[in-house]
Amino acid sequence: MKNLLDFLIKYNHWFLFILLEVISFALLFRFNNYQGSVFFTSSNSFVGVVYDLKNSITSYFHLKDINNDLVQENVELKLQLEAYKNSLTSLSKDTVDFERIRQESLSEYDILEARVLNNSLIHADNYITINKGEKDGVHSEMGVVDGKGVVGIVYLTSSNYSVVIPILNSKSNISCKIKRSDYLGFLVWDGGSSQYAMVKDMPRHSMFSLGDTIVTSGHSAVFPSGIPIGTIEDMKDSNDGLSYQLKVKLFTDFACLQDVRVVSRRNKDEQIQLEERIKSRE
């Protein structure tokens with residue numbers, strides 16, 4: 001207690017100065033409208049910043065609770081979806097095993113995850129390098145897709161890596177069709193924007209509209225039928241006037257391509273060998 005009193009006596013003039021300053025500022029802001037308004041505005045701004053900081057910190061610590069709520073909601077939605085699927089099965093005239101159909105649709109294909117290591121967009125012949133190769137089961141003439149649609153076809157492989165010819169390559173030529181009418185054509189790239197390609201040799205009697213979806217035809221050993229490619233954005237006559245050329249806006253965004261899947265059709269070698277035998281006899 002004695003030390004505290006000694007401290008107050010020693011620095012009493014400072015305490016008196018601070019007290020007088022507080023009183024003077026109080027009188028200044030209390031009896032002068034301009035200074036009072038400035039103080040009020042500044043104090044409100046400061047309090048606002050403090051409240052924003054407090055809310056940000058509170059929101060951060062509530063993220064765990066929010067995430068738990070989202071997981072719970074996701075589980076409930078999955079259970080509801082399963083219940084709807086079971087109801088649909090029971091109401092259909094012919095009982096259908098959806099899971100069996102899904103498994104059978106994938107039974108002919110192997111799907112391998114891969115990541116893009118190198119990618120080009122500005123050349124006439126662009127290439128993509130992925131981080132899977134022969135030791136992973138990747139070989140040439142395998143299809144490559146991403147979550148949105150077709151990417152390209154495996155061209156060269158080494159033990160650990162593969163080079164892919166994407167749609168954005170003058171050598172690319174992918175059999176495709178109009179989804180709603182099944183009319184066939186070939187997807188090629190003539191350069192220019194990485195967002196567009198052309199479908200050539202589309203018959204003049206084919207039925208389509210702008211906005212229709214283009215998908216893989218399944219008429220090769222590379223891609224299964226029905227993988228999305230893009231939508232029809234424009235059309236024009238071919239050079240010989242015997243078919244249409246369709247401008248297609250691609251689903252795959254090659255500018256930010258990262259994760260892809262290599263699709264391999266089982267027993268495709270048998271089909272390829274048989275077709276090669278036919279060609280050799282012509």
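## Salt bridges

A salt bridge is a side-chain nitrogen of Lys or Arg within 4 Å of a carboxyl oxygen of Asp or Glu. Strands here are DSSP runs (E, at least two residues), numbered from the N terminus. Arg 204 counts as partly exposed at 36% relative accessibility, and Asp 237 counts as partly exposed at 43%, where buried means under 20% relative accessible area, exposed over 50%, and partly exposed in between (1.4 Å probe, protein chains only).

The whole structure holds seven salt bridges. Among them is the pair of Lys 200 and Asp 190, whose side chains meet at 3.6 Å, N to O; Lys 200 lies in strand 8 (residues 196–203), whereas Asp 190 lies in the loop between strand 7 (184–188) and strand 8, 10 residues apart. Lys 200 is partly exposed, with a relative accessible area of 26%, while Asp 190 is exposed, at 52%.

## Basis of the model

This is a predicted model, in which local features need pLDDT of at least 70 and side-chain atom pairs count only at pLDDT 80 or more, while totals for chains, interfaces and linings use all residues. Residues are numbered from 1 along each chain as its sequence is written, and side-chain values use heavy atoms, with hydrogens and water left out.

## The barrel

Six strands close into a barrel in the order 6-7-8-11-10-9, with antiparallel pairing, and the twist averages 40 degrees from one strand to the next. Two strands pair if DSSP finds at least two bridges between them; strand 9 (residues 213–216) and strand 10 (residues 228–237) run antiparallel and are joined by three bridges. Thr 213 has Thr 231, in strand 10, as its bridge partner.

## The second largest pocket

The second largest pocket has a volume of about 160 Å³, a volume being the space filled by probe spheres set on grid points that are joined across faces, edges and corners. A pocket is an open set of points on a 1 Å grid over the protein atoms alone, where a 1.4 Å probe fits, with protein on both sides within 12 Å along at least five of seven lines, and lining residues have an atom within 4 Å of a point.

Strand 4 (residues 150–157) gives the most to this lining, with four residues. The lining of the second largest pocket includes Glu 141 and Lys 171, and the side chain of Lys 171 also meets that of Asp 125 in a salt bridge (3.3 Å, N to O).

Definitions and conventions
Axes are lines fitted to C-alpha atoms, for helices over the stretch in contact, and angles run from 0 to 180 degrees between N-to-C directions.
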